[in-house]
Every structure is written in structure tokens, then in C-alpha cells.
Amino acid sequence: MLFSEKNYLFKDKFLFYFIILFVFTLFSSVFILSLFKIVNMWSFSQAHINYFYGFTKRGLFGTLMLLSENFFSISSKKLFAIFFIILTTLNIYLFFKIIKIYSSNFLLFLFLSLNPTLIMFSFNDLGGYQRFDMISILLMLLHCVFAYSNNVNYNIELYKKKLFFIIFPLIIISSFIHEIQI
């Protein structure tokens, strides 16, 4: 009986890590493409809105992008690509952290992890990649992880601190990048 439990746990972990590796392998092709070509030209053009001529909505990212280009000699194309590579990687990590509890149910886990409308959306439709809406997705996933960890540990005060000191400031900052967060 003990051997079959270990075998079962090994299969769950193997499936979990195999699917994560598969998803990251798929997204790595988009990541590499984005380093050489602008995948979403509309978002890239919107990213150049800045505060140099006065306050305007969606100006924070453009201001930071132009400052990094002037002071650190990082091209706006590279910074734009790297920002979305990091953002997408964080979203994938948090998404799999959330659905890990379903890894024992093969069909449900497979459905959630490879569903074209969930984390795989920006891979299946490149128009969904490099969009600033991914910041709000990151915040929702982060909040879900905080709420779930609070549910497991039953520490409402820690949850409130995470909400007040992490989620709310990130919402405020991200609203200056893309007002849809409001």
C-alpha cells in the first residue's frame, strides 16, 4: 500500500512539473520572438506615453522606459520585451501555484493548465501578449495566492497586511500604467 501511494504521488508531481515545463517551453518561443520583434505594436506604441510634457493617463511606464533608455542605455524595445517576459513568467508561476491543488485530478488539472482561455490565452493569441492588462491579471493571481494561503493558515491579520502593503500599492502604481486597474 505504501509503495502505491508513493507511486501515485510521483505521478502527480511528474505530471505537475511536466506540464509546467511544457507551458514554459511554449512561452519561451514567444519570449524569444519578443526579444527580436515587437509582438503587439499597439501596446508598444501606447507604452511611449509619458509625463515629460505634463501628467497624462498611462504615462508611468513610458516615463520609466524613456528614463531607462537615457540613463542606462537600455533600448525601449528590450525593456518592453523584458518587462513582459518577467510579467508573464510571474503569471505562469502564480497560476500553477494556485492550480497545484488539482494536480491529483489528471483531467481537471490538464484542463485548467492547458485551457486556451486561461494562462495559455496570450500564447494562443499573440494579440493578448504584451498587453498591460497582464498587470491586473498578476494582481488578481497574487491576491488569490494570498487569500488561499490565509485560508490554510487562518491568519486574517497577515492577510490584511499583505492586502494593505502589497496589493493596494501595486494597484495604485499599476493604475498609472493602465487605468483599467481602477
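A nonpolar core, as the term is used here, is a set of buried Ala, Val, Leu, Ile, Met, Phe, Trp, Tyr and Cys residues joined through side-chain atoms within 4.5 Å. Keep in mind that this is a predicted model.

**Close-up 1. The largest nonpolar core, with Phe-96 and Phe-132 having the most contacts inside it.** This core counts 42 residues. Two or more residues each come from α1 (2-36), α3, α4 (76-99), α5 (106-114), α7 (133-153) and α8. Helix α4 gives the largest share, with nine residues. As a bit of background, nonpolar side chains tend to be buried together in soluble globular proteins.

**Close-up 2. The two faces of α5.** Phe-109, Leu-112 and Ser-113 are the buried residues of this helix. They sit on the same side of α5 because they span an arc of only 95 degrees around the axis. Turn to the face pointing away from that buried side and you'll find Leu-107 and Phe-111, both exposed. The general rule behind this sort of pattern is that an α-helix has 3.6 residues a turn, so residues three or four places apart point the same way.

**Close-up 3. Glu-179 and Lys-57 in a salt bridge.** Lys-57 is exposed, with a relative accessible area of 56%, while Glu-179 is partly exposed at 27%.

**Close-up 4. Glu-179 again, this time with Arg-58.** These two side chains meet in a salt bridge at 2.8 Å, N to O. The pair links distant parts of the chain, with Arg-58 in the loop between α2 and α3 and Glu-179 in the segment after α8, 121 residues apart. Arg-58 counts as buried because its relative accessibility is 16%, under the 20% cut-off. Through shared partners, salt bridges join Lys-57, Arg-58 and Glu-179 into one network.

**Close-up 5. A salt bridge between Asp-133 and Arg-131.** The closest N and O atoms of this pair lie 3.1 Å apart. At 31% relative accessibility, Arg-131 is partly exposed. The structure holds three salt bridges, and the Asp-133 to Arg-131 pair is one of them.

Notes
Residues numbered from 1 in each chain as written. Predicted model: local features only at pLDDT ≥ 70, side-chain atom pairs only at ≥ 80, totals over all residues. Heavy atoms only, no water. Salt bridge = Lys/Arg side-chain N within 4 Å of Asp/Glu carboxyl O. Buried < 20%, exposed > 50% of the residue type's maximum accessible area, 1.4 Å probe, protein only. Helix = DSSP H or I, 4+ residues; strand = E, 2+ residues; numbered from the N terminus. Arc of directions from axis to C-beta.
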